[in-house]
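This report covers the architecture and helix packing of the model displayed below. Please keep the sequence and the coordinates at hand while reading.

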Amino acid sequence: MAEDLQLVRRPGRGYPLAVTAVAALLVFCAILPWAGVEARIGVLGAGVSGDVRGIDDGLGVFALLAGLAALACGLAGLLAHPRLAALAVLPGGLAVAATLMFQLQGGGVRDRVSVDLGLLSVTPVIRAGWFATLACALALVVLGVLALVRRARPGAQS
């Protein structure tokens, strides 16, 4: 009876599972704030900020769609053949490019000039969502390559 309750382990499903999890995280990170503008009053120490979420810009939507495509690759790797998860390299690389272009082209933060007048300072900032999206996209590329070059172990079925 105890043998019936144990999970059946399918060999070679580690990378597809990791690709699926990271791709789902990439989809989530595309919704987070990527950039913003902060205005602070020096004497009071108070300030206001405005954020730009990833999906507020076309490149963020592109990163979201790349995450969905990578999620499909990971699921295909889980359900069919583990090497199909290696296809996540393509949407992962495109998400890296979209995320970097967001910052290079000033996506969402049109005025890149910081203003510091002593009492008042206005600065554009990069939010944590952008860094998380870039990390997930890079992780997808690495995991996709690892799923592709994974060597079959003796006794393991691919």
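How many residues has helix α5, and how far does α5 reach from its first C-alpha to its last?

## Basis

The model is predicted: local features need pLDDT of at least 70 and side-chain atom pairs count only at pLDDT 80 or more, while totals for chains, interfaces and linings use all residues. Residues are numbered from 1 along each chain as its sequence is written, and side-chain values use heavy atoms, with hydrogens and water left out.

## Helix α5

Helix α5 spans residues 128-149; it has 22 residues and reaches 32 Å from its first C-alpha to its last. This is close to the 32 Å expected at 1.5 Å a residue, where the expected span is 1.5 Å times one less than the number of residues.

## Overall fold

The protein has five helices and four strands, taken as DSSP runs (H or I, at least four residues, for helices; E, at least two, for strands) and numbered from the N terminus. Their order from the N terminus is α-α-β-β-α-α-β-β-α.

Of the 158 residues, 35% count as buried. Among contacts (heavy atoms within 4.5 Å) between residues at least 6 apart in sequence, 74% join residues at least 24 apart.

## Packing of α3 and α4

Helix α3 (residues 58-79) packs on helix α4 (residues 89-104) at an angle of about 165°, and their axes are 9 Å apart. The axes are lines fitted to C-alpha atoms over the stretch in contact, with angles from 0 to 180 degrees between N-to-C directions. The angle makes α3 roughly antiparallel to α4, a term for angles over 145 degrees.

Leu59, Phe62, Ala63, Ala66, Ala69 and Ala70 in α3 meet a set in α4 that includes Pro91, Leu94, Met101 and Phe102.

## Thr20 in α2

Thr20 lies in helix α2 and is buried, with a relative accessible area of 12%. Leaving aside neighbours within four places in sequence, Thr20 is in contact with Leu71, Gly74, Leu75 and Leu78. The C-alpha atoms of Thr20 and Gly77 are separated by 8.7 Å, though the two residues are 57 residues apart along the chain.

Key
Angles under 35 degrees count as roughly parallel, over 145 as roughly antiparallel, 65 to 115 as roughly perpendicular and the rest as oblique. Buried means under 20% relative accessible area, exposed over 50%, partly exposed in between (1.4 Å probe, protein chains only).
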